[in-house]
Amino acid sequence: MSASPPAHRHEVGTLDELREAGHTVVRADGRAILVVHHDGEVFAVDNRCPHMGFPLARGTVDDGVLTCHWHHARFALSCGDTFDPWADDVPSYPVTVEDGVVYVDPHPAAERPPAERWGERLDDGLERNLRLVVAKAVIGLLDAGVAPTDPVTSGVRFGTRYRADGWGPGLTILTAMANVLPALSSEDRKRALYQGLVEVAGDCAGEPPRFDQDAFADRDLSRDRLTTWLRDTVEVRDSDGAERCLRTAIAAGYDDDALAGLLLTAATDHRYLDGGHTMDFVNKACEALDHVGWDDADEVLPALVTSLTEATRSEELSSWRQPVDLATRLTETFDRLDALIERGDGREWSEPDGFVETLLADDHEQVVGGLEDAIAAGASPTDLADAVAMAAATRVAQFSTANEFSDWDTVHHTFTYSNAVHALTERVSDADHAGYRAVFDGAVNVYLDRFLNSPPAAAPDPTVGADEDVDGLLDALDETMHREGSVDEAGRLAARVLAADGDPARLKRRLGAALVREDAGFHTFQALEAGFAQADRRTGPARRTCLVAVARYLAAHAPTRREREQTFTIAARLHRGETIHEE
């Protein structure tokens, strides 16, 4: 029993009284402290179980082990350390006995900085897939002043190391949430990171870790040869060989532009890989490195290899072959790309009126031919990716609820793919051939989705709402997320908010708040982030269409059970020191 400064001591009572009672609870400076007499010694710990706040005074002590009777968390009474990682350690307090009187110090010196402690707990939560621990850690880290990039970095490194299948939905969600943090309130940033990190932990739970392939010893291979090798190994679905090629490029010091270009090329040798997921994974891995730093490229980018080598190739699907052989039609275009690019060399292209409507046409030749003409007129891959992304957003905004519910995923995949292509063509400086191939894949999928706009949902009237109360409209939008079947109403309300408040920030904040409180699926997280990314690039009606698309997609997938929000709320209340159970 160590001595405490007299000014910090709080009197508990006499030792004889404590010995007879076995334990007591005292309140000191806002803390409820459990003081226990056991095996001839006196110990003091916080009376709240760190797991979910149940009063430990209602537990039992046996052989130096304090057991909470709610979830049976166990703690070493002498120091507060837990036997059960899901429970966390319970704070312990120094006690002294002087002249038969017991004193407790409610303000012990901190053993280590909060950021260090919560960083370790985040690792525990990821390793054991413990949602409550992840929630507590995220809240603790951000309240300790840790930058959001720190937990993002922990999640990205964990997710790429401990999932043999490599990059997946969890890492995509985490990166998407990191991207939208600036649009959210401070409390919802914690929720967003918690959601992403929980998804990473779930993806890795029970999975074997990744084992790295080595880079080639020759660091002087030409970029053309290394690109050819990567494409050849992906072509024959050789994951090990493809990883060695990619690791060699990283070890040779390729910058982010070159590495992204290498991946974009490998992802476009076949049509619309894995329903668009492969391209989105490539883009999200690059965006993750923008957050955590490109020095981590050797850990992150090789995790993409299996999504390239094991992907479904859309030219193998009947929808790309019948009734129109779209794959062969694009091959014809790609054979003429050099000539089209040469014709457009030196020319400046401005998007003509109605170009997006051309991409939404029911005639595939009108779509493909319109893109070919644009290239010959000087349109860059980024120019065309911008237009295709807008067309894809329109498909979501006008999705007909007469379709089967699962068809939401179809228009969603095209939109998130097109958003990824747009971002990658902006990132890669020499994206010409690969960028154009990616654009055509997206445009063909916009064409294939045409029946999902039959009939198209009516576009909201942009003049309605200009004189309305924005807060009232936002509250009404919230209500659409609490009942099923409010898709069209959510879209109309989003448009009315924008009509009443030209700045989209409040609408984005409210949509983000709705998302991070749901048990949202992979696609819903993608939909919000892609919609925000596209809206940020646009103004006027185009921006409205993107945010209407987000509102409609979220409303279609809400409400959920909101189990994750319940867990987060418990963690937040415990962190604030609130009493969840009567003590």
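**Arg-437 and the wider fold**

Leaving aside residues up to four places away in sequence, Arg-437 touches Arg-231, Thr-265, Thr-268, Asp-269, Arg-271, Phe-334 and Leu-337, a contact being heavy atoms within 4.5 Å. Arg-437 lies in helix 19 (residues 432–448). Arg-437 counts as buried because its relative accessibility is 11%; buried means under 20% relative accessible area, exposed over 50%, and partly exposed in between (1.4 Å probe, protein chains only).

The model is predicted: local features need pLDDT of at least 70 and side-chain atom pairs count only at pLDDT 80 or more, while totals for chains, interfaces and linings use all residues. Residues are numbered from 1 along each chain as its sequence is written, and side-chain values use heavy atoms, with hydrogens and water left out.

The protein as a whole has 25 helices and nine strands, which are DSSP runs numbered from the N terminus (helices: H or I, at least four residues; strands: E, at least two). Of its 583 residues, 56% are buried. Among contacts with a separation of 6 or more, 74% join residues 24 or more positions apart. The C-alpha atoms fill a box of roughly 100 × 65 × 40 Å along the principal axes.

Attention now turns to a charged surface region. Asp-39, Glu-41, Asp-62 and Asp-63 form a negative surface patch; patch residues have over 30% relative accessible area and no salt bridge, like charges being joined within 9 Å. A salt bridge is a side-chain nitrogen of Lys or Arg within 4 Å of a carboxyl oxygen of Asp or Glu. Asp-39 sits in the loop between strand 3 (31–38) and strand 4 (41–46), and Asp-39 is exposed because its relative accessible area is 64%.

Note on methods: Patch = residues over 30% accessible without salt bridge, like charges linked within 9 Å, V, L, I, M, F, W, Y side chains within 5 Å. Areas by Shrake-Rupley, 256 points an atom, 1.4 Å probe, with all protein chains shown as cover. Lys, Arg positive; Asp, Glu negative; His and termini not counted. Charge placed at Lys NZ, Arg CZ, Asp CG, Glu CD.
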